[in-house]
Amino acid sequence: MLVIVPARQGSKGVPGKNTKDFRGAPLVEWSFAAGLAIARDLGAPVVCTTDDAAIGALVQTGYADQVLIYDRAADLADDNAGMAGVVLDVCKRFGASRYVLLQPTSPLRLVGDLAALVAETQAHETVVSCTNPCEHPEDLIVLDGAKGVPAISAPKSARRQDRATEYRFVDGSYYAGRVNTLLEDDTFLPVDTRYHTLTMPTGVDIDTPHDWAMAEAQHDWLLAQGYEFVRPRR
């Protein structure tokens, strides 16, 4: 098994985001910290796949004996490269049959959630984190010009909390699975996926400056509420 942290150089939404300071440490280091927190229990090394010399230097300076660097090929580092190809490339290089994927764009991971995810990963082949959605999916509409129809056909009750169907948002902070399944199905969410609902109030997935600001606000709220989350300590 490998614990994989993918961190490419290019980012149009937030330029240089992986090395940008996020509440006291470069963004990518939050996922390094999460990877190192679970590596021993999973018996897996932490590998960062990157095309960014700055991230390579960061690893050499602060994590030389903890995080392995894998130089990502140019064709797996552009805007058209899919994450499945990136994960399969690293796993092939290291001969791994299973993986855990920790994306730097989801930096906030609670200690309790990670412990539960590790336990699930030890018991099941495919495990993926998810959170409650910010808005109820049954309130979404599909627009056609100025007209719209409900995206999901479902009976509407008087109160949102009384709706029977449970929806979740795949937040991107934790994926675990088998390499052969990813190779054959080309998805991180095969039919036998075990989903773990995080205790995080909402998911964090940073792609834009607004996402970044909201992630910082959630960090500060979690801190004020006394939540214990994994953070860089060097």
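# Close-up views of a predicted model

View 1. Apart from residues up to four places away in sequence, aspartate 207 touches Gly13, Val14, Lys17 and Thr105. Aspartate 207 itself is found in the loop that runs between strand 11 and helix 6, and with a relative accessibility of 41% this aspartate counts as partly exposed. One of the residues it touches, Lys17, is 190 residues away along the chain, and yet the C-alpha atoms of aspartate 207 and lysine 17 are separated by 8.9 Å.

**View 2. The crossing of helix 1 and helix 4.** Helix 1, made of residues 27-42, and helix 4, made of residues 111-123, have axes that come within 10 Å of each other and cross at roughly 35°, and this crossing is right-handed. On the side of helix 1 the contact is made by Ala34, Ile38, Asp41 and Leu42, while helix 4 contributes Leu114, Val118, Thr121 and Gln122. Sorted by class, the residues of this contact are five nonpolar, two polar and one charged.

**View 3. The largest nonpolar core and a second, separate one.** In soluble globular proteins, nonpolar side chains tend to be buried together. The largest nonpolar core of this model has 42 residues, and those with the most contacts inside it are Phe32, Ile38 and Tyr174. At least two residues of this core come from each of strand 1 (2-6), helix 1, strand 4 (46-50), helix 2 (53-62), helix 4 and helix 6 (209-225), and helix 1 gives the most, with nine residues.

**View 4. The contacts of tyrosine 174.** Which residues is tyrosine 174 in contact with, leaving aside its neighbours within four places in sequence? They are Ile38, Leu42, Val100, Leu101, Leu102, Leu114, Leu117, Val118, Thr121, Val127, Val128 and Ser129. Among these partners, Ile38 and Leu42 of helix 1 and Leu114, Val118 and Thr121 of helix 4 also take part in the contact between the two helices. Tyr174 is itself one of the residues with the most contacts inside the largest nonpolar core.

View 5. Arginine 23 forms a salt bridge with glutamate 216, in which the closest N and O atoms are 3.2 Å apart, and another with aspartate 220, in which the closest N and O atoms are 2.7 Å apart. Glutamate 216 is buried, with a relative accessible area of 18%, whereas aspartate 220 is partly exposed at 34% and arginine 23 is partly exposed at 31%. Salt bridges that share partners join Arg23, Glu216 and Asp220 into one network. Arginine 23 also has a positive phi of about 45°, although it is not a glycine.

**View 6. The salt bridge between glutamate 120 and arginine 194.** The structure holds five salt bridges, and in the one formed by glutamate 120 and arginine 194 the closest N and O atoms are 3.0 Å apart. Because glutamate 120 lies in helix 4 and arginine 194 in strand 11 (residues 194-197), this pair ties together parts that are 74 residues apart in sequence. With a relative accessible area of 16%, glutamate 120 is buried, whereas arginine 194, at 38% relative accessibility, counts as partly exposed.

**View 7. Two loop residues, glutamine 66 and aspartate 186.** Glutamine 66 has its place in the loop between helix 2 and strand 5 (67-71), and at 39% relative accessibility it counts as partly exposed. Its contacts, leaving aside neighbours within four places in sequence, are with Leu36 and Val46; valine 46 is 20 residues apart from glutamine 66 in sequence and 7.2 Å apart in space, C-alpha to C-alpha. Aspartate 186 is placed in the loop between helix 5 (179-185) and strand 11, where it is exposed, with a relative accessible area of 59%. The phi of aspartate 186 is near 55°, a positive value in a residue other than glycine.

Methods
Residues numbered from 1 in each chain as written. Predicted model: local features only at pLDDT ≥ 70, side-chain atom pairs only at ≥ 80, totals over all residues. Heavy atoms only, no water. Axes fitted to C-alpha atoms, helices over the stretch in contact; angles between N-to-C directions. Helix = DSSP H or I, 4+ residues; strand = E, 2+ residues; numbered from the N terminus. Left-handed = near helix turned anticlockwise from the far one by under 90°. Contact = heavy atoms within 4.5 Å. Nonpolar A, V, L, I, M, F, W, Y, C, P; charged D, E, K, R; others polar. Core = buried A, V, L, I, M, F, W, Y, C linked by side-chain atoms within 4.5 Å. Buried < 20%, exposed > 50% of the residue type's maximum accessible area, 1.4 Å probe, protein only. Salt bridge = Lys/Arg side-chain N within 4 Å of Asp/Glu carboxyl O.
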